[in-house]
Amino acid sequence: MFSIRRARLIASACVLAGLIAAVARAASEALDPSFSTDGVELIDFGRGSSDEATAVAIQEDGKIVTAGYGTRGGSSDFAVARNMPSGERDRSFGTAGRVLTDVADFSGDFGEAVAIQEDGKIVVAGWTNFGAGGSSDFVLARYRKSGVLDPTFGNGGMVLSDLGSASSDHALAVAIQDNGKIVVAGDSDAGGGRDFAVARYTRSGTLDPDFGAGGIVLTDLGSAVEDVAHTVAIQRDGQIVVAGESGTGSGSDFALARYSRSGALDSDFGTGGKVVTDLGSSSRDVGRAVAIQQDGRIVVAGWRMPAGGSSDFALTRYRKNGALDSSFGPGGVVLSDLLGFDLATAVAIQPDGKILAAGGSDAGRGSDFAVARYTTTGALDATYGTGGAVTTDLGAKRYDFAFDVAVQADGKIVVAGFSYAGAGGGSSDNFGVARYLP
């Protein structure tokens with residue numbers, strides 16, 4: 001499975017060095033100087049820990065919640081941090097603004113996504129792995145505003161879901177419906193092959209019997225061996241859009257599915273509710289993030305990696321019926337070569353309709369946060385950064401990679417991921433958060 005975990009390995013394999021001067025200047029000018037230290041905040045969950053932020057969300061009061069996992073001693077736990085709008089730690093949350101949650105003893109626990117309920121409670125979705133050769137399960141954890149687990153949710157604030165007997169299940173995305181029900185998407189081999197997996201939970205954390213079969217829907221995208229849902233979004237009409245990849249060992253394609261509120265595939269979308277988009281022969285095309293425009297059009301961001309070649313940011317836009325939108329780029333597809341090796345892992349729509357894509361970029365000398373902005377027609381926005389893109393080195397001798405992006409009410413852009421000091425760097429991974437001026 002070419003998942004977020006493989007992307008991290010690729011990003012971490014880059015060689016250390018600085019960026020070209022023009023791009024470095026653009027990053028400096030774009031960063032918000034009122035946020036932490038020169039627009040960047042690094043969050044360490046403890047001495048010797050390896051911490052990676054995979055998701056970010058903005059509370060109504062402007063506080064910034066990041067979620068992911070922290071690893072120490074060979075075991076990993078859910079990790080959640082909250083920062084004030086100024087970037088300093090929110091010491092009213094957990095221990096000095098940080099919370100670690102051990103989901104299950106002797107397991108690897110990976111937080112992958114975060115969402116904020118209307119009442120301010122924080123929902124983190126991910127998965128737990130029960131050791132070598134063991135199964136893995138969907139995990140949901142819900143926290144009160146103070147950072148303590150919410151005892152009214154599941155079993156002491158946590159829910160574990162095995163989608164099939166001894167199956168391998170990974171929750172990678174979460175969204176909250178307008179009625180408060182929680183939708184989680186990822187992948188599972190409970191049906192034999194690896195399929196899109198979507199589960200819906202009630203407010204109390206039980207699987208919703210009104211969705212799919214006992215709260216679970218598995219979707220085989222077709223002849224591909226592996227179908228992985230990396231992202232989920234809820235349309236205004238309540239329909240659920242899931243995006244990811246569908247592929248084999250040699251390649252993959254962007255893949256989407258749309259479901260009704262009851263979990264049935266929407267026959268008005270694509271072919272029987274499913275869409276698969278090949279961005280190029282013999283390439284690995286990975287849809288990593290989805291966003292819904294105000295007009296209902298669907299934007300997916302990810303990357304295209306040709307066999308033996310370098311990867312590019314890849315964006316596709318679809319009409320409501322699942323057809324590629326010909327008014328966006330050439331035939332609904334936009335590819336962007338930023339620095340050489342570029343992976344988009346997040347997408348957001350600004351209030352003016354412009355599209356933000358974030359991830360990592362490497363010119364052969366080190367990976368850095370990368371943010372690109374596109375016009376509504378898919379062109380890189382020349383008014384943003386250098387030629388429409390900004391890359392940010394979070395510190396000397398570091399590998400930096402962004403996994404999520406959110407837009408504040410004031411238009412400022414928050415990007416979260418990890419910053420890793422390599423050989424001679426003197427420390428392990430930290431959560432990395434950068435805020436940019438709008």
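The legends below describe close-up views of a predicted model.

**View 1**
Strand 4 (residues 75-83) and strand 5 run antiparallel and are joined by 4 bridges. Across this pairing, alanine 81 stands opposite arginine 98 of strand 5.

**View 1. Strand 8 (residues 136-143) is largely enclosed by the rest of the structure.**
Here 8 of the 8 residues are buried, so strand 8 counts as largely enclosed. Strand 7 (residues 122-129) runs antiparallel to strand 8, and 8 bridges join them. Glycine 126 stands opposite valine 139 in strand 8. Strand 8 also pairs with strand 9 (residues 158-161), in the antiparallel sense, over 4 bridges. In that pairing, leucine 140 stands opposite valine 159 of strand 9.

**View 2. A salt bridge joins aspartate 150 to lysine 121.**
The N to O distance is 2.9 Å. Aspartate 150 lies in the loop between strand 8 and strand 9. Lysine 121 lies in the loop between strand 6 (108-116) and strand 7. The two are 29 residues apart in sequence, so the pair ties together separate parts of the chain. Both partners fall under the 20% cut-off for burial. Aspartate 150 is buried, at a relative accessible area of 0%. Lysine 121 is buried too, at 18%.

**View 3. Arginine 200 and aspartate 208 form a salt bridge.**
Their closest N and O atoms are 2.8 Å apart. Arginine 200 counts as buried, with 4% relative accessibility. Aspartate 208 is buried, with a relative accessible area of 2%.

**View 4. Aspartate 381 and lysine 354 form a salt bridge between two loops.**
The closest N and O atoms are 2.9 Å apart. Aspartate 381 sits in the loop between strand 24 and strand 25 (389-392). Lysine 354 sits in the loop between strand 22 and strand 23. The pair links distant parts of the chain, 27 residues apart. Aspartate 381 is buried, with a relative accessible area of 4%. Lysine 354 is partly exposed, at 21%.

**View 5. Salt bridges link five residues into a network: Asp295, Arg297, Arg317, Arg319 and Asp325.**
Side chains of opposite charge can pair when their charged atoms come close. The count for the structure comes to 21 salt bridges.

**View 6. Alanine 301 is buried in strand 19 (residues 298-306).**
Its relative accessibility is 0%, so alanine 301 counts as buried. Contacts come from residues beyond four places away in sequence. Among them are Phe254, Val286, Arg288, Leu315 and Val347. Alanine 301 and threonine 345 are 44 residues apart in sequence. In space, their C-alpha atoms are 6.7 Å apart.

**View 7. Tyrosine 399 and tyrosine 420 form a stacked ring pair.**
The ring centres are 5.4 Å apart and the planes stand at 10 degrees, so the pair is stacked. Tyrosine 399 belongs to strand 26 and tyrosine 420 to strand 27, 21 residues apart. Tyrosine 399 is buried, with a relative accessible area of 12%. Tyrosine 420 is partly exposed, at 27%.

**View 8. Phenylalanine 403 and phenylalanine 418 are also stacked.**
Their ring centres are 6.0 Å apart, with planes at 20 degrees. The pair links phenylalanine 403 in strand 26 to phenylalanine 418 in strand 27, 15 residues apart. Phenylalanine 403 is buried, with a relative accessible area of 2%. Phenylalanine 418 counts as buried at 1% relative accessibility.

**View 9. Ring pairs link Tyr69, Phe110 and Trp127 into a cluster.**
A search of the whole structure finds 6 aromatic pairs.

**View 10. The largest nonpolar core has 18 residues.**
Phe369, Val371, Val405, Ile413, Val415 and Tyr436 have the most contacts inside this core. Elements that give two or more residues to the core include strand 22 (341-349), strand 24 (367-374) and strand 28 (430-436). Strand 26 (398-407) and strand 27 (413-421) are also among them.

Definitions and conventions. Residues numbered from 1 in each chain as written. Predicted model: local features only at pLDDT ≥ 70, side-chain atom pairs only at ≥ 80, totals over all residues. Heavy atoms only, no water. Buried < 20%, exposed > 50% of the residue type's maximum accessible area, 1.4 Å probe, protein only. Contact = heavy atoms within 4.5 Å. Pairing = 2+ DSSP bridges. Core = buried A, V, L, I, M, F, W, Y, C linked by side-chain atoms within 4.5 Å. Phe/Tyr/Trp six-rings, centres within 6.5 Å; stacked < 30°, edge-to-face > 60°. Salt bridge = Lys/Arg side-chain N within 4 Å of Asp/Glu carboxyl O.
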